[in-house]
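Biologist: Can you walk me through this protein? Keep it simple, please.
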Amino acid sequence: MTVKEAIRARTGSAYEVRGGDESRDEGEHTSPGTSTATPGTAAATVAAGRAAQELGLRRSEFELAVHLGLIAVTAGPGGGRPRVHEREIARLREDPGFPDGLAERVRTVGTAEGAALLGIVPARFTRLARAGCVSPVTFYLNRYRAVVWLYLADELASFAVREPELLAGRTPLGMRTMLEAGGDRRARNWRNQRIDRLLKRTTDPWARAAVEASALDSAHLAEVVEDPYERAYLARVRPEPVFGRPGSVAARETMGELMLADDPDEILWRRINLTLGLDLAREERPAPHPGDDPGARTTPAPDSTSRVAPPQAPPVTETAPPLAPPAGETPSGLREPGGKRLLARLGWRRRSDG
């Protein structure tokens, strides 16, 4: 489907244009990794490979659909590979647009194909992506071990409907300034969406804090979480993608590097979210220490969704570079009971100050 066809279809029907992270609504019926079986029933399940075959998807497309929250999976027996309920497959097959509709929603394109889809030259597409106008959903390493970003074709069509003025004419001044300074928000946007999707998979406060901690390197993490036992616990309870873990050593190393926040304001956001998330987690239960009763300290408490979750940094899609917090300024109203400011708790100090 071309952009012009998508625009006609979407403006002439009740189809709602989704922006940014599409899984925000699509994944609400059941989070990946959560069983759809009702208590007391033993619903039939099938392996992921067979589910992909019955849904007419390649394995990579199936794994992406799970990552986006389009397909609900359940943990395999004894903690084995995730499986899919047969009624989930039946639900998807009953969709009026099946099978093309599901396949289209997980179709990914690279720079050249994405540019052709939008009707622009590849160089302009790359500039839009670097500016954060479109966000990659995954990546692979080419023969030279360079990162090749992939984008959802469906999201590109939504972008064309939402921001047609960015496809032609002069690039806005703020975007030009950011690009000329060497800005590139592709990895940051990928991180934001990945973190958001992992957060949806759990309500446990320690697991949610662990997701935020995954974006910080060891030095920043040690400054925010001084207790080594808490850091070890965060590493142990961190949710991982249900599927899609890189297979090669090079890909795993690259993903490890891409997962770390590398911009000062992004690092600050993650430190703030982690600090506030730790407050909630510590109220729920302390992290286990040597000699503790495992059952008393590690068993997750009842659902904690009634608590106020820490603020999340929204996916960066603006066309102008964000303003860094002024020196010495702290988020208003964020204080410890003793009056200590949040940034002091974070151990934050400007790296340029030495």
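Modeller: A definition to begin with: two strands pair if DSSP finds at least two bridges between them. Helices (H or I, at least four residues) and strands (E, at least two) are DSSP runs, numbered from the N terminus. This is a predicted model, where local features need pLDDT of at least 70, side-chain atom pairs count only at pLDDT 80 or more, and totals for chains, interfaces and linings use all residues. Residues are numbered from 1 along each chain as its sequence is written, and side-chain values use heavy atoms, with hydrogens and water left out.

Biologist: OK. What do E4 and E5 form?
Modeller: A hairpin, with 5 residues between them. Arginine 145 sits in the turn and has a positive phi of about 60 degrees.

Biologist: In which sense do E4 and E5 pair?
Modeller: Antiparallel, over 4 bridges. E4 covers residues 138-141 and E5 covers residues 147-152. Threonine 138 has leucine 150 of E5 as its bridge partner. For tyrosine 140, the partner in E5 is valine 148.

Biologist: And how many bridges link E3 and E5?
Modeller: There are 2 bridges, again antiparallel. E3 is residues 108-109. Its valine 109 stands opposite tyrosine 151 in E5.

Biologist: Switching to helices. How many are there in the protein?
Modeller: The protein has 18 helices, along with 5 strands.

Biologist: Tell me about H16. What should its span be?
Modeller: H16 runs over residues 264-284, which is 21 residues. The expected span is 1.5 Å times one less than the number of residues. That gives 30 Å, and the end C-alpha atoms are 30 Å apart, so the two agree.

Biologist: Why call H16 largely enclosed?
Modeller: Because 16 of its 21 residues are buried. Buried means under 20% relative accessible area, exposed over 50%, partly exposed in between (1.4 Å probe, protein chains only).

Biologist: What percentage of the protein is buried?
Modeller: Buried residues are 43% of the 354 residues.

Biologist: Next one. At what angle do H8 and H10 pack?
Modeller: About 90 degrees, with axes 10 Å apart. Axes are lines fitted to C-alpha atoms, for helices over the stretch in contact, and angles run from 0 to 180 degrees between N-to-C directions.

Biologist: Which residues of H8 make the contact?
Modeller: Arg127, Leu128 and Arg130. From H10 come Met175, Arg176, Met178 and Leu179. Contact means heavy atoms within 4.5 Å.
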